[in-house]
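Here is a friendly briefing to read beside the model. Take a look at the fold, and then follow the notes below.

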Amino acid sequence: MSSSTPAPGLSPIADAAPPSLCAREPRVPADRLVAEMVPPPRFDSVRFSTYIPDPNQPSQTEAVRVLEDFAGGLGGARTAGVGKRGFLGFGKARAPKAPTGPRGVYLDGGYGVGKTHLLASLWHATPAEPALKAFGTFVELTNLVGALGFQQTVQTLSGHRLLCIDEFELDDPGDTVLVSTLLGKLVDAGVALAATSNTLPGKLGEGRFAAADFLREIQGLSARFRPLRIDGEDYRHRGLPEAPAPYSDEQVTKAAYATDGASLDDFPHLLAHLARVHPSRYGALTDGLKAVCLTDVTPVPDQSTALRLVVLADRLYDREVPVLASGQPFDRLFSEEMLNGGYRKKYFRAISRLTALARDAKRLVEA
């Protein structure tokens, strides 16, 4: 594997140059995609008891109560998909009754109100073996269908007690219809569902993305979901200092050499490399990293590049990998046109998460 080259005029301060993400081209087998459908490392230890509701937002306390009840209701024996025979066990098997009432919950709220924390807590609280529960983002679910095929994905997930889908995306009609059809098959098999998506910052009134949009887009599944509104401010920035300003190329490079497990890449080169790696492999791209150091951060040039960067930001955030950068601040990554367009939910989420990771990386320079 090749490594990054020190910045001109900078002497190495470690025996070997830091690894480069651009030198990695991971191959991820389909069975790893299935095995990794669990809450990411950032949410390994979260529980309902560790969620701290904002006292000014009663909907947060109510959400915990509803989800605890929902988890408790998933502990009974599964009956979906198992027909009952006639008197004394003879005769033709009768089709099982379809589950009645909501078999899913939809967490409707803005950025940073703890929806993923609550979704992961639901996964942990559901009384079933880990192999009978699945947790993944909308993108990871579509990637799984791409890797296994639709029928095999249905077969693989049909035996589960619960499927949690974080960051449900409604901006791709084809993917939305695909996942809607998949969820219909899983609900018929007795799988309970839980999903989250994002409300745009500053759009809490008329015109914002909300539960009505979600229920409309998933078509026939509307009756299966109970919308659960969660109000509040972005906890990632609530009461915290502003994100640190970008550092110099020299500071970032020195920190990369001084930090065990840090990678070092030129940002434009990394964006070009992401185009050659399927987004389903971005998690594997970051395997073993303790920090990501980027020089020359500039605004992304186009929408396709921006969407790939969003996926990488999600995987870094899931894995709690700090991001130290020089160049432009992260809130200038996306153009005004992008932030006002159809993918704005994703871009605002990426800015929020990268800002949090930049704050985490401040210690690398101070050390």
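This is a predicted model: local features need pLDDT of at least 70, side-chain atom pairs count only at pLDDT 80 or more; totals for chains, interfaces and linings use all residues.

Residues are numbered from 1 along each chain as its sequence is written, and side-chain values use heavy atoms, with hydrogens and water left out.

**A291 and its setting**
- A291 sits in strand β7, which covers residues 291-297; helices (H or I, at least four residues) and strands (E, at least two) are DSSP runs, numbered from the N terminus.
- With a relative accessible area of 0%, A291 is buried; buried means under 20% relative accessible area, exposed over 50% and partly exposed in between, using a 1.4 Å probe and protein chains only.

**The chain as a whole**
- The chain holds 13 helices and eight strands.
- Of its 367 residues, 50% are buried.
- Counting contacts between residues at least 6 apart in sequence, 84% join residues at least 24 apart.

**Helices α2 and α3**
- Helix α2 (residues 58-72) packs with helix α3 (residues 115-125) at an angle of about 30 degrees, and their axes are 9 Å apart; axes are lines fitted to C-alpha atoms, for helices over the stretch in contact, and angles run from 0 to 180 degrees between N-to-C directions.
- That makes α2 roughly parallel to α3, since angles under 35 degrees count as roughly parallel, over 145 as roughly antiparallel, 65 to 115 as roughly perpendicular and the rest as oblique.
- The α2 side of the contact is A63, V64, L67, F70 and A71, and the α3 side is L118, L122 and A125.
- These contact residues of α2 and α3 divide into eight nonpolar, no polar and no charged; Ala, Val, Leu, Ile, Met, Phe, Trp, Tyr, Cys and Pro count as nonpolar, Asp, Glu, Lys and Arg as charged, and the others, Gly among them, as polar.

**Helices α4 and α5**
- Helix α4 (residues 138-148) and helix α5 (residues 150-157) pack at about 115 degrees, with axes 7 Å apart.
- From α4 the contact takes L141, L144, V145 and L148, and from α5 it takes F150, Q152, T153, T156 and L157.
- The contact of α4 with α5 has six nonpolar, three polar and no charged residues.

**Helix α9**
- In helix α9 (residues 267-274), the buried residues are F267, L270, L271, H273 and L274.
- Seen down the axis of α9, these fall within an arc of 160 degrees, so they line one face of the helix; the arc is that of the directions from the helix axis to the C-beta atoms.
- Their cover includes β6 (262-266), α10 (282-285), β7 and α11 (303-318).

**Positive phi**
- Most residues other than glycine have a negative phi.
- D296, in strand β7, has a positive phi near 60 degrees and is partly exposed, with a relative accessible area of 35%.
- E320, in the loop between α11 and β8 (323-327), has a positive phi of about 55 degrees and is partly exposed at 43% relative accessibility.

Conventions. Contact means heavy atoms within 4.5 Å.
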